[in-house]
Amino acid sequence: MTGSTAASFTADDYRARMERAARTAAEAGLAGLLVAPGPDLVWLTGYTPPAVTERLTLLVLAAGQDPVLVVPALEAPDAQKAAGAPALTLRDWTDGKDPYAATAALLDASSRFGISDNAWALHLLALQQAVPGSSYTSLTEALPMLRAVKDAAELELMTAAGAAADATFEEIRNVPFAGRREAEVAADLDRLLRRYGHEQVDFTIVASGPNGANPHHEAGDRVIERGDMVVLDFGGLKDGYGSDTSRTVHVGEPTDEERRVHDTVREAQEAGFRAVRPGAACQDVDRAARAVIADAGYGEYFIHRTGHGIGVTTHEPPYMIEGEERPLVPGMCFSVEPGIYLPGRFGVRIEDIVTVTEDGGRRLNTTSRELVIVE
């Protein structure tokens, strides 16, 4: 996806994002931001380099200065095509020249900068040498909420990604499960997500029977049997924005205990969703969902956070976990995904992406959260 995340974003949109990022960095006491190839660069400029190589590509942002994108000369034509290119200055460098000296000229010595989490150590160490006295902090640590609040256009794309994941579930529930390997059903999920517009599939978890007790089980060669609970968790990027949903299905009729566990998780998921409102703390969502599971006697079997942010990546801040007191703000998008995992037996997880509204929350996944029977 070289060029831009979606046609709906203009140079003015990217200019506003870069200005806000530089301003927020200054408010955090930073001299500027250094953004390497990855999701932050895509979000700020619409540019994805044609390949990730050892050659330095770096966006330099500082309050009161024009944004500068340092790029290898052989990739400059691609960078010029990015939707955000008119909002920044390109500074290219040729092989045989020192890109760090060119970048150093843009930086204040003895200052502190935020730098992309995924910047190569090779580049960071070279910058430290080129700018003696400079220091750096990770972008996520310094500005964890940089991409957290989505605007109207982003929410539209998030909604469309959620609808595509929902359409995938409505089809997958009708495919045969019994007698097929987990990996075969996972391949069906991948195919359907792409059919409904995903350009990137990040995960297709199919965890049957005892494998369901592992929240991040990789779909494998286990043959799904009648009587299995099957956790389905899948998502990726559609037009540059993420989907992520989980539903748990049962092959044939479930036992009373299996229904009870599923009902408990469904009620916990509903409680977590109802806790979503502006001003509530992230941890309030976790507490609400976790209380339902604990009250039902399964507290020790809910072994992960209740949710994570989502946007141009499928996992990002904020996180719905005890100790995260950051307040919810309209436009934030995150998962609400409680689960119960009984070792050696089965697991259940139900997950929707939710966005914070002016007076509560809105689900971006709307498929049934009841226990679905498959064949």
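Visitor: Which residues of helix α5 are buried?
Guide: This model is predicted, and α5 spans residues 121-130. On one side of the helix, Ala121, Leu125 and Gln129 are exposed. The buried residues of α5 are His123, Ala126 and Leu127.

Visitor: What covers the buried residues of α5?
Guide: The cover includes strands as well as a helix. The helix is α4 (99-104). The strands among the covering elements are β1 (32-35), β2 (58-61) and β6 (135-138).

Visitor: Which element gives the largest share of the largest nonpolar core?
Guide: This core has 34 residues, and Leu33, Leu44, Leu59, Leu61 and Leu69 touch the most other members. Elements giving two or more residues to the core include β1, β2, α7 (152-172) and α1 (11-27). The largest share, 5 residues, comes from α1.

Visitor: How many residues are in the other core that lies apart from it?
Guide: Among the members of this other core are Val175, Leu193, Ile224 and Val374. Its number of residues is 20.

Visitor: Is the pair of Phe9 and Tyr14 stacked or edge-to-face?
Guide: The model has 3 aromatic pairs. For Phe9 and Tyr14, the ring centres are 6.2 Å apart and the planes stand at 70°. Planes over 60 degrees apart count as edge-to-face, so the pair of Phe9 and Tyr14 is edge-to-face.

Visitor: Which charged residue sits over the ring of Phe9?
Guide: Phe9 is buried, as is Tyr14, and ring pairs link Phe9 and Tyr14 with Tyr241 in a cluster. A charged end also sits over the ring of Phe9, 4.4 Å from its centre. That charged end belongs to Arg17.

Visitor: In what sense does β8 pair with β7 and with β9?
Guide: Strand β8 (residues 229-238) has 10 of its 10 residues buried. With β7 (residues 198-208), β8 forms 9 bridges, and Ser208 stands opposite Val230. With β9 (residues 241-251), β8 forms 10 bridges, and Leu237 has Gly242 as its bridge partner. The sense is antiparallel with β7 and, with β9, likewise antiparallel.

Visitor: Which residue takes a positive phi in the hairpin of β8 and β9?
Guide: In this hairpin, 2 residues lie between the strands. The residue with a positive phi, near 50°, is Asp239.

Methods. Residues are numbered from 1 along each chain as its sequence is written. This is a predicted model: local features need pLDDT of at least 70, side-chain atom pairs count only at pLDDT 80 or more; totals for chains, interfaces and linings use all residues. Side-chain values use heavy atoms; hydrogens and water are left out. Buried means under 20% relative accessible area, exposed over 50%, partly exposed in between (1.4 Å probe, protein chains only). Helices (H or I, at least four residues) and strands (E, at least two) are DSSP runs, numbered from the N terminus. Contact means heavy atoms within 4.5 Å. Rings of Phe, Tyr and Trp (its six-membered ring) pair if their centres lie within 6.5 Å; planes under 30 degrees apart count as stacked, over 60 as edge-to-face and the rest as tilted. A charge sits over a ring if NZ of Lys or CZ of Arg is within 6 Å of the ring centre and within 35 degrees of the ring normal. A nonpolar core is a set of buried Ala, Val, Leu, Ile, Met, Phe, Trp, Tyr and Cys residues joined through side-chain atoms within 4.5 Å. Two strands pair if DSSP finds at least two bridges between them.
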